[in-house]
Amino acid sequence: MARKKTPKQSKGGKKTKKQKEEEKRLQEEEEAQLEAEREEQERLDREKKDQELERLELRDREYRELELNELHHLLEQNHSAVTKWRADAAEKAKWERYMCCDGAPDPEVQQDVNTYLSLWREDPEVNITPVLKQCNVALQLLEELEVLLRDATDPKEGQKYQEAVISLQELIHSKLHLSTEEIFKRANENTDTETGNMQTVVKGDNTTLCVWANLKRNQRFKGLNFEEVGLGFELPKQLTMSDIAVRILHTHYDHLSSLAWMAHRKIHTPSHSPGSLVVVDEAPADTDLPEQEETKDTEEGKDDNETQQQTADEEVQSIQELEGSKSEDSPESSKSSRESAEGSGSQIQTQMEALCVEGEFSSPSELLTMDSSEPVQAVDLMEYTPLGGVFYYDVFRLPPQAHRVNGWEIRQKLHTGLQVFPYPTETFNLDDNEALTCPPVGMSVKLPERVVFLETPQVARWDAADKQWRMDGISDVSYEEEEAKISFKMDSFQAFVLMQETYANLPFLSWELSPLGQDAATFTVNGPLIEISITIQGDQCILKSEVKGLSHLQGKWMSSPDLQRAMLNAGINIFVNEHTDKYVSSFGKDPLTEHAAYEQMAFFASACAFSRSKWNAKCGAAHLVMQAREHRGPATQPMDSWCLYLVGAQRSQKLEIKERSKTFSSNHDPSRDFHSTFIHMLQDDMSTDGIARTRESSYLFVDTVQSLLRATRPLMYS
């Protein structure tokens, strides 16, 4: 473009005012013309981009139905195959059980279970060793019954399994109690040569029993360590002079925590105040406790408050009997009450998961009592998880010991059974001139071998009156990390557990799903505390981790549900549920979009690798962003091979930006089409061999990957 001539300068070389104005005008005209040209170019680019976008959208709409139908067909085909396989596996397992003929009852046959219960109840065996073996069989049957109860759809079948669980749980506890009593009755026959007292340890597969009888009443006795099982206790001076017997019963299973879920039921009243959330100590509608039925029948005329109070009193008594720490009656005379009590615990345990999912129950820590002036310091069982089972710490009156005279055994026979020694009391008379208050009792525990505590364990005691775990009343806590040992003191003898924060390893710092070959992949999760790797081969999974204490899990192939349960029981939680959002920050993604992404990722897990993207936090709740690439072999692939994909409910697209980009942009890669599904978007960047591998994926492998992704939800919590 030709520029206009500017006026000549004056003789002195200085520009006149008119010349300056003319230059400024020309410069402004030039800038305006350049701006117009730039805007025109941008307009043309936008039009071109809009035209290209319209073309892509038209193409997407053209193939939308075809792509959705293909995805739907894959999902239906996989689901049908998995459903058939599970049905066949269940039939095969049922037949193998029938052909086994090992004497164990079929949990689905009520008559077989009732016969088993009757025969064991009438069995006079009280020797602890055979009783523990019988308890192992009963616990296996109990586990099978609880699975049937959770899966039951017919209310009548559910009631049948529920009653069996109640009876079996009561019987297990009753047998352990009777065996303990028998040991104490013969304490003087098994005395220690050094101390003159009786001390015995009995180890079972699911139970550890430590007992000590104070036969010498030595005032200098302070406590005892059962070194072979890592348990120890300390007694105050007053108790060392009494006829007492101490029992530490460690059950590797936990039935008390379920009582807390049942006892504190959330009920909403028509009020807008915080106090509208109250606690009613009652069983769920589908819980049929014998005592409660009788109360209802005989007390119909009473008002609601009296009925609730009586129901609460009966449940308190039932829980006390479940612990074996409050009963003053003989085992024979209290059989029916213990049966109801322990049955309640078993029943609640089997119902807990379903009730939590339905939102019918709240954590005890969220509850407000109707007449309490001070908040109850209850443990939130959604925030904390008991690990390693329950430790029952009890003190009993020492039963009368037998005496041998002229070949005869003389024993005072009592009909009261094993009686609890009252401690603490208001005052304890050591002698006529001195009265002391009751100091706390000590306890030391070596952490269970098959449990991993990622942080310092918390100690919680069981409050039988309020039916909840509490962390108050515990003092002088000392944790020795090198020795994996924790010591503390409690105000009284109570059951206690060791707890850990449920979501201590969330949210994830990173995650990756990488193929290992056809129907094989590795899912790696890096949390704030530990890194976990799960290898998937077909429908089997194996755990790999550097964390100590998981030797019983590492190197063992198991199904995805079994692995998840085993990891949770071991204290390794990378799994989420409907309550996780209350304790862990998330991205609040649309659950349907998220679920659909996991389904499609599983279909391509044999050929494609997927990984976390930092931009997933920037794309909004309606979309997901992840990195993906085709896995072309065992050789290490460069980082640049990762591509970013934006996944939404209606459309998936490849992004123009990279993970290392400075800002987020949802602009799509102009070299790629839009697609209605994620798998069709992935195929645009895949080789023919890679696509073929995805079509050959086993339905069991796809289902297993889906279950792990849904259980961990890495796109929501990383």
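**Ground rules.** I am working with a predicted model, where local features need pLDDT of at least 70, side-chain atom pairs count only at pLDDT 80 or more, and totals for chains, interfaces and linings use all residues. Residues are numbered from 1 along each chain as its sequence is written, and side-chain values use heavy atoms, with hydrogens and water left out.

**Cysteines.** I looked for disulfides (pairs of cysteine sulfur atoms within 2.5 Å) and found zero in the structure. Next I asked about burial, where buried means under 20% relative accessible area, exposed over 50%, and partly exposed in between (1.4 Å probe, protein chains only). Cys135 counts as buried because its relative accessibility is 2%. Cys541 counts as buried too, because its value is 0%.

**Strand E20.** I then turned to strands (E, DSSP runs of at least two residues, numbered from the N terminus). E20 covers residues 520-526, and five of its seven residues are buried, so I noted this strand as largely enclosed by the rest of the structure.

**Its partners.** I took two strands as paired if DSSP finds at least two bridges between them. E19 (residues 510-517) runs antiparallel to E20, joined by seven bridges; here Gly517 has Ala520 of E20 as its bridge partner. Two residues lie between the strands in this hairpin, and Asp519 takes a positive phi near 55 degrees there.

On to E21 (residues 531-537): seven bridges join E20 to this strand, again antiparallel. Thr522 has Thr535 of E21 as its bridge partner. I also logged a hairpin of E20 and E21, with four residues between them.
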